[in-house]
Amino acid sequence: MVTIFADRMENSKKSFIREILKVTQQPEIISFAGGLPNPALFPAEELAAAAAKVMSEDASNVLQYSTTEGYLPLREFIAQRYLEKSGLKIDPSEILITNGSQQSLDLIGKVFLNKGDRVVIESPGYLGAIQSFSIFEPEFREVPLMDDGIDIDALDNTLEESDAKLFYTVPTFQNPSGVTYSQEKREATARVLDKHGVVCVEDNAYGELRFAGEDVPTIRNYLENTILMGSFSKIIAPGLRLGWICANKDIMERLLVVKQAADLHSNYLSQRIICQYLMDNDIDSHISRIKGAYGSRRDYMVNMMSRYFPEGISYTKPEGGMFVWVTLPEGVSSMDLFDLAIKENVAFVPGSPFYTIEGAGSNTLRLNYSNSDPDDIEEGIKRLAACMEKLSC
Ligand code: PMP
């Protein structure tokens, strides 16, 4: 059929999760489907005060066009935090403020990807990255994720045969699996990428949300050839749409060109509000509150799963972030489970969209715990368990 649309639209599908979220927004549904931070933890009053301050003190600048790189004091804050928390020496000139990590992915795709270029991703992998990179029509190569991070031998082999340009990873509290790479896996990942000269795109959207276990360094700590992405979405609020990219000068020059072409600069009012908020408040104590709330919800969900789920169902026990990954017995379809569960007013995300290989992960699913109250977690897990029994899991 003749189409007026660009070829790239052939490969670009609407997000399955967005479609599910439309259904799950009905109030009677207990939804473990979204990836939403808990709105009760948004620092609304403090942000309102920060907004009032920048508007009353500096409206003529705050409402004006600004620089493509982003507000310098905000970039300085990010650089200083990397130094204090991760021992990373990143110059503010190596930081670009973006309209959220999702835009960071788009900009990285534009800078690196020609049609047919190979991109290595985790299996399962972050759906938003698959979607974002798909616009540039690359070929994806999946490497299995294990309990302690990527399968290193498989990564080595895949890089050997694929001549890939990028390896995209969410090594800390991954979306969708909740998996965190061990320190050894991080070092080994860096070694293998270095051996093949492949750029690492390290998406650290959840890195600050550790509520159990020990901190681990970023992959960037071991590999300079890493583009490190961060976001304010999970530690302040996603509606402000602010994230950032750290990259070396060579890459940054090109990122600035595509950023300028895309939208001139990130929302300057949001940048000023967040920066003011960071100056006037203790972000660490705010993050501690989020971690406390998510940690207890994770505990509760995992306890309910061990109490109610039938034998033979396995799941991750994340040390941070927002997601648990469930694996049903081989041959049981999480889409069938979804159809049953939605009739019982419970929702989750079936695992298949997190894979680029047709049919992969059909017995897996993602559960979100950050945005449900304990009562809903118990009731939802009970109903889900009953649906699993029906499917003779
Ligand atoms: N990366 C990952 C791994 C995510 O889970 C998300 C949010 N779901 C994003 C990026 C996008 O976040 P942002 O709000 O910063 O665009």
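**Figure 1. Four strands of this predicted model form an open, antiparallel sheet in the order S10-S11-S14-S13.** The edges of this sheet are taken by strand S10 (314–315) and S13, and because each of these has a single partner strand, one side of each is left without a neighbour in the sheet. Strand S10 pairs with strand S11 (residues 323–327) in the antiparallel sense, and two bridges connect them. Within this pairing, Tyr315 stands opposite Val326 of S11.

**Figure 2. Helix H11 (334–343) has Ser334, Leu337 and Ala341 as buried residues.** Viewed down the axis of H11, the buried residues fall within an arc of 50°, and they therefore line one face of the helix. On the other side of H11 lie Met335, Asp339 and Lys343, which are exposed. The packing partners of the buried residues of H11 are S12, strand S13 (349–350), strand S14 (364–368) and helix H12 (374–390), and two of these elements, S13 and S14, also belong to the open sheet with the order S10-S11-S14-S13.

**Figure 3. Asn345 follows H11 and has a positive phi, near 60°.** Asn345 is placed in the loop that leads from helix H11 (334–343) to strand S12 (346–347). With 16 other C-beta atoms within 10 Å, Asn345 is partly exposed. For context, most residues other than glycine have a negative phi.

**Figure 4. Leu264, a residue other than glycine, likewise has a positive phi, with a value near 65°.** The loop that holds Leu264 lies between helix H8 (249–263) and helix H9 (268–280). Is Leu264 buried or exposed? Leu264 is exposed, because 12 other C-beta atoms lie within 10 Å and a residue with 12 or fewer counts as exposed.

**Figure 5. Eight strands form an open sheet of mixed pairing, in the order S2-S9-S8-S7-S6-S3-S4-S5.** Strand S2 (95–98) and strand S5 (149–150) stand at the edges of this sheet, and since each has a single partner strand, one side of each is left without a neighbour. The pairing of S2 with strand S9 (residues 243–246) is antiparallel and comprises four bridges. In this pair, Ile97 has Trp244 of S9 as its bridge partner.

Figure 6. Strands S3 and S6 both belong to the open sheet of eight strands. In general, most peptide bonds are trans.

**Figure 7. The ligand is surrounded by 14 residues.** The closest of these are Gly100, Ser101, Gln102, Ser231 and Ser233. By residue class, the shell around the ligand divides into nine polar residues, four nonpolar residues and one charged residue. As to the confidence of the prediction, the mean pLDDT of the protein is 95, and 98% of its residues reach 70 or more, while the scores of the model are ipTM 0.99 and pTM 0.96.

How values were computed:
Residues numbered from 1 in each chain as written. Predicted model: local features only at pLDDT ≥ 70, side-chain atom pairs only at ≥ 80, totals over all residues. Near = placed C-beta within 6 Å. Nonpolar A, V, L, I, M, F, W, Y, C, P; charged D, E, K, R; others polar. Buried ≥ 20, exposed ≤ 12 C-beta atoms within 10 Å, placed from the backbone. Arc of directions from axis to C-beta. Contact = placed C-beta atoms within 7 Å. pLDDT = per-residue confidence, 0-100. Pairing = 2+ DSSP bridges.
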